[in-house]
Amino acid sequence: MYNVVFVLGPPGSGKGTICAQIQENLGYVHLSAGDLLRAEREREGSQFGALIEGHIKNGSIVPVEITCSLLENAMIANKEANGFLVDGFPRNEDNLSGWKKQMGGKVNEQFVLFLSCPVDVCIDRCLHRGQGRTDDNVESLKKRVETYNQQTFPIIEQYEKHGMVREVNSQRPISEVYQDVVEVFSAANQK
Ligand SMILES: Nc1ncnc2c1ncn2[C@@H]1O[C@H](COP(=O)(O)OP(=O)(O)O)[C@@H](O)[C@H]1O
Ligand SMILES: O=c1ccn([C@@H]2O[C@H](COP(=O)(O)OP(=O)(O)O)[C@@H](O)[C@H]2O)c(=O)[nH]1
Ligand SMILES: [Mg+2]
């Protein structure tokens with residue numbers, strides 16, 4: 001059984017930043033669904049490059065079969081990890097049902113780390129992220145936020161109903177956010 005922590009929050013809430021620090025210090029392996037999709041988009045011979053880029057630019061969600069397989073392959077390649085930080089997934093109902101179908105019997109879902117941050121702050125961070133992403137522009141960001149509000153937040157609410165959500169306010173300096181996140185992990189791993 002793989003231990004899994006889902007890390008969710010609006011675009012720019014700091015998911016990647018916090019996951020990198022957790023990976024560094026707590027032995028979890030960081031799997032960013034967005035990074036895996038961008039790598040697949042660039043992979044020579046991939047049949048999915050154009051489809052992935054279309055969704056990324058449009059702020060819509062790639063079909064779960066593609067994303068989930070990338071995640072599972074990355075988990076298989078890192079069997080020795082204490083657990084996995086699944087960053088930016090599941091983002092909609094299709095993601096959630098596909099994940100349950102493919103991974104249901106293979107994972108122990110520990111909790112959902114929800115980084116909450118006001119949308120205007122998040123958009124501003126993305127516009128200054130400086131990674132040259134094709135979706136860090138005003139037009140794509142508008143669609144990404146809409147997708148987050150309409151499709152991703154309801155997934156967080158579902159997990160909340162099962163008592164699985166740990167919310168941390170990420171509209172604060174990174175060191176303060178990280179401190180609270182470490183406490184969440186400590187509490188979860190004490191059980
Ligand atoms: N707590 C924070 N305060 C200020 N800037 C932050 C904070 N966390 C992340 N950032 C910056 O905001 C941008 C988006 O962060 P990132 O981790 O890529 O977010 P996400 O993966 O949720 O989209 C990056 O440039 C990052 O350096
Ligand atoms: O499970 C996922 C994760 C990401 N994406 C796509 O990849 C984009 C960028 O996702 P990422 O998590 O990298 O963005 P972030 O929230 O970190 O800014 C999203 O808008 C989606 O189009 C997707 O389709 N499925
Ligand atoms: Mg990210």
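The questions and answers below concern a predicted model.

Reader: What is the mean pLDDT of the protein chain?
Author: The model is a prediction, with ipTM 0.98 and pTM 0.98. In the protein chain, 99% of the residues reach a pLDDT of 70 or more. The mean pLDDT of the chain is 97.

Reader: In what order do the strands of the open sheet lie?
Author: The sheet has 5 strands, and the pairing is parallel. β2 (28-32) and β5 (165-169) each pair on one side only, as edge strands. Neighbouring strands are turned by 25° against each other on average, direction ignored. The order is β2-β3-β1-β4-β5.

Reader: How many of the 7 residues of strand β1 are buried?
Author: A residue counts as buried if 20 or more other C-beta atoms lie within 10 Å of its own. Strand β1 covers residues 2-8 and is largely enclosed by the rest of the structure, because the buried residues in it number 5 of the 7.

Reader: Which residue in β4 stands opposite Val5?
Author: β1 and β4 run parallel and are joined by 7 bridges. β1 also runs parallel to β3, with 4 bridges between them, and in β3 the residue opposite Val5 is Leu85. In β4, the residue opposite Val5 is Phe111.

Reader: What is the bridge partner of Leu113 in β5?
Author: Strand β4 spans residues 107-116 and pairs with β5 in the parallel sense, over 5 bridges. β5 is one of the edge strands. The partner of Leu113 in β5 is Arg166.

Reader: What angle does the direction of helix α2 make with that of β2?
Author: Helix α2 covers residues 33-42 and packs on the sheet. The strands that α2 touches are β2 and β3 (83-87). Its direction and that of β2 make an angle of about 60°.

Reader: Is Asp87 buried or exposed?
Author: Asp87 lies in strand β3. Its contacts, leaving out residues up to four places away in sequence, are Val7, Lys15, Gly16, Cys19, His30, Leu31, Ser32 and Ala33. Because 25 other C-beta atoms lie within 10 Å, Asp87 counts as buried.

Reader: How far from the C-alpha atom of Cys19 is that of Asp87?
Author: Along the chain, Asp87 and Cys19 are 68 residues apart.

Reader: Which element supplies the largest share of the shell around ligand 1?
Author: There are 15 residues around ligand 1, and those that come nearest are Gly14, Lys15, Gly16, Thr17 and Arg125. Elements supplying at least two residues each to this shell are α1 and α8. The largest share is 3 residues, from α1.

Reader: Is Ser13 buried or exposed?
Author: An unreviewed UniProt entry lists Ser13 under "binding site", along with Gly12, Gly14, Lys15, Gly16, Thr17, Arg129 and Arg172. Ser13 lies in the loop between β1 and α1. Not counting residues up to four places away in sequence, it touches Leu115, Cys117, Cys122 and Ser170. Since 27 other C-beta atoms lie within 10 Å, Ser13 is buried.

Reader: As what does Arg172 count, with 14 C-beta neighbours inside 10 Å?
Author: Arg172 is another position with the "binding site" feature in the unreviewed UniProt entry. Arg172 sits in the loop between β5 and α8 (174-190). A residue is buried at 20 or more neighbours and exposed at 12 or fewer. With its 14 neighbours inside 10 Å, Arg172 therefore counts as partly exposed.

Reader: Which element gives the most residues to the shell around ligand 2?
Author: Ligand 2 is surrounded by 21 residues, the closest being Pro11, Ala33, Gly34, Val62 and Gly88. The elements that give two or more residues to this shell are α1 (15-26), α2 and α3 (49-58). With 3 residues, the element that gives the most is α2.

Reader: In which helix is Asn95 placed?
Author: UniProt, in an unreviewed entry, lists Asn95 for "binding site". Asn95 counts as buried because it has 22 C-beta neighbours inside 10 Å. Beyond four places away in sequence, its contacts are Ile61, Val64, Thr67, Phe89 and Pro90. Its helix, covering residues 93-103, is α5.

Conventions
Residues numbered from 1 in each chain as written. Chains lettered and ligands numbered in written order. Predicted model: local features only at pLDDT ≥ 70, side-chain atom pairs only at ≥ 80, totals over all residues. Pairing = 2+ DSSP bridges. Axes fitted to C-alpha atoms, helices over the stretch in contact; angles between N-to-C directions. Contact = placed C-beta atoms within 7 Å. pLDDT = per-residue confidence, 0-100. UniProt positions renumbered as here; feature names shortened; annotations may be inferred. Near = placed C-beta within 6 Å.
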